[in-house]
Every structure is written in C-alpha cells, then in structure tokens.
Amino acid sequence: MAKVQRLSAKKELAVKQGQDHRLLVLLFFAALILAAGWHTPALDTQPSAYSLVAGRLIRNKDSSAGQGIQLAAEMPCADIPPELAAFFNLSLPVNRADQAALMRLPGIGPKLAESIITYRKEQGGIAGPDDLLKVKGIGPKRSARLLPLLCFDNAQSSFNNAQ
C-alpha cells in the first residue's frame, strides 16, 4: 500500500514539474494522422468500365447519349453485366462470366470454374440446369445451391458475344 502511495506521489510531482508528456504525445499522433490524410497517394487511376448517369448505368467503352442499363432484379439475364452481378445482388449470367466471377460463387474454386469455362467452350454454352449438371464437379446438391445465384441466357448467342 505504501509503495502505491509513493508511486502516486511521484506521478503528481512529475505532473507538477511538467514532465508528463502524454498530452504532447497525443497531439503529435493527432498531427501525424491529419498529415497522412492530406497526403494520401492517388487512388487507382484506371477508369471504370461503367458510369452512373441520370440513374442509368452506362458502359463507358460504347456509351452514347440515351443508352444505358437500368439495373433491376427482374431484368433479363442477357442484360446483366457479369462484372456487376454480385455487387448489385443479381443473378450471374453463367455463359458470360469469367473465372474470377465464377469463383465468387459459394463452393466454386479455380478448378471448378475452369471446368465450367471448358464445358461452355466445348458445348457452346450452358442452356439451363440440365447442362449445369453435365459439368464435371457439379452434382445435384451443388447445382441446387448454385441455381438461385445463376441465370441462363441464350447460350449460343451469349457465348459468341463473350468471345
């Protein structure tokens, strides 16, 4: 008990003598944080493939006045951009999705994504749930888990457009 009182007395004496540097250290770190915020490196300078103009999502590379994609849950599969399907919680168009997009689905890793792409190339696309079951590595259970997350558009035309 006496030791605690002596330590407390030493701290009080240090504060009285101006040796407590906690406030100074706190101000120093606050200044560092503010300075770091002012000198942040430039963000990714690669332009986005899409722009939001008047509530419509427009693809930059072929955008022109009046064209755009109105994102909605009931939109046709052929109109859903695969890059944005997960972001807007829309079904992924399986015939236009790349390996990275397929790997974002639950239970699909790099090998299964590659199997889907290989089957798609060999067969000209995946027309529906029956074709999905023909992909090596996808059985009834995995298919049942994936079906609510996928959409099947006109397999042949979408497959040709994706190439």
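Student: Is Asp 131 buried or exposed?
Tutor: A word on the ground rules: this is a predicted model, where local features need pLDDT of at least 70, side-chain atom pairs count only at pLDDT 80 or more, and totals for chains, interfaces and linings use all residues. Residues are numbered from 1 along each chain as its sequence is written, and side-chain values use heavy atoms, with hydrogens and water left out. Buried means under 20% relative accessible area, exposed over 50% and partly exposed in between (1.4 Å probe, protein chains only). Asp 131 has a relative accessible area of 17%, so the label is buried.

Student: Which residue forms a salt bridge with Asp 131?
Tutor: A salt bridge here is a side-chain nitrogen of Lys or Arg within 4 Å of a carboxyl oxygen of Asp or Glu. The structure holds one of these. With the closest N and O atoms 3.6 Å apart, Asp 131 pairs with Lys 134.

Student: What is the geometry of the aromatic pair?
Tutor: Rings of Phe, Tyr and Trp (its six-membered ring) pair if their centres lie within 6.5 Å; planes under 30 degrees apart count as stacked, over 60 as edge-to-face and the rest as tilted. Searching the whole structure turns up one pair. Phe 28 and Phe 29 sit 5.7 Å apart, centre to centre, with 65 degrees between the planes, which makes the pair edge-to-face.

Student: Which residues make the nonpolar surface patch of about 390 Å²?
Tutor: Patches take residues with over 30% relative accessible area and no salt bridge, joining like charges within 9 Å and nonpolar side chains (Val, Leu, Ile, Met, Phe, Trp, Tyr) within 5 Å. Phe 29 is partly exposed, because its relative accessibility is 47%. Phe 28 lies in helix H2, residues 22-38; helices (H or I, at least four residues) and strands (E, at least two) are DSSP runs, numbered from the N terminus. The patch is made by Val 25, Phe 28, Phe 29 and Leu 32.

Student: Which residues is Ser 143 in contact with, leaving aside its neighbours within four places in sequence?
Tutor: Ser 143 is found in helix H7, residues 140-146. Its relative accessible area is 4%, so Ser 143 counts as buried. Taking contact as heavy atoms within 4.5 Å, the residues are Leu 132, Leu 133 and Ile 138.

Student: What is the separation between the C-alpha atoms of Ala 100 and Glu 114?
Tutor: Ala 100 lies in helix H4. At 42% relative accessible area, Ala 100 is partly exposed. Glu 114 is 14 residues away along the chain, and the C-alpha separation is 9.9 Å.

Key: Areas by Shrake-Rupley, 256 points an atom, 1.4 Å probe, with all protein chains shown as cover.
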